[in-house]
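Please read the following note beside the sequence and the structure.

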Amino acid sequence: MSEVDQTPLPNPTEVLSVKENQEREGDDRVQEEEKDLVEEEDEEDEEALPHSEFLDIFEEGLARIVQDPLLCDLPIQVTLEEVNSQVALEYGQAMTVRVCKADGEVMPIVVVQNATVLDLKRAVRRFMELKQQREGGVEHISWRYVWRTYHLAFDGEKLDDDKMKLKDYGIRNRDEVTFMKKLRKK
């Protein structure tokens, strides 16, 4: 009698599962290649759009975002800085200081909680620059002249020290700071 081959035969279900795995891997590769082609087509489509159309699409999306109740106070031509400030306000990381000008205009200026007087001055400058861009008007403001002839005051106290924190002057959220003309010394 001859020896019988003792090698076990593979289980048919195991053979099928190996084939299925190979087919799946092949399908995955095909899907990845198709995905890469779609991404390349999207990039080509993006490059085909003129800049003006990109701006229109961006502004439409931005207008939808600004309709959110959290951001509804912002203008339609909002900047990233303004969005970040509004979000910081909601999380309690920032405060609004109402800066009152002599003509009665009130500027809502957003600064971080531990802001200094210099931070407030920079925020006033940025607010005015954005306002001028949106409404037109004076093209250039000499801020060196402005801070030489005007100062900020809170409860009758001048905010002289640019390095001092607003909290140290007692300024909190929604407090009013006045923009006053400096008196000349004779």
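1. Contact means heavy atoms within 4.5 Å. Axes are lines fitted to C-alpha atoms, for helices over the stretch in contact, and angles run from 0 to 180 degrees between N-to-C directions. Helices (H or I, at least four residues) and strands (E, at least two) are DSSP runs, numbered from the N terminus.

2. The model is predicted: local features need pLDDT of at least 70, side-chain atom pairs count only at pLDDT 80 or more, and totals for chains, interfaces and linings use all residues. Residues are numbered from 1 along each chain as its sequence is written, and side-chain values use heavy atoms, with hydrogens and water left out.

3. Five helices and five strands occur in the chain. Along the sequence they follow the pattern α-α-α-β-β-α-α-β-β-β.

4. The five strands form an open sheet with mixed pairing, in the order 2-1-5-3-4; two strands pair if DSSP finds at least two bridges between them. Strand 2 (106-112) and strand 4 (157-158) are the edge strands, each pairing on one side only.

5. Strand 1 (residues 94-100) runs antiparallel to strand 2, and seven bridges join them. Within this pairing, Arg98 stands opposite Pro108 of strand 2.

6. Which strands does helix 4 lie across? Helix 4 (residues 117-135) lies across strand 1, strand 2 and strand 3 (150-154), at about 130 degrees to strand 2. Helix 3 (residues 80-90) lies across strand 1 and strand 2, at about 115 degrees to strand 1.

7. Of the 186 residues in the chain, 25% are buried, that is, under 20% relative accessible area (1.4 Å probe, protein chains only).

Key
Buried means under 20% relative accessible area, exposed over 50%, partly exposed in between (1.4 Å probe, protein chains only).
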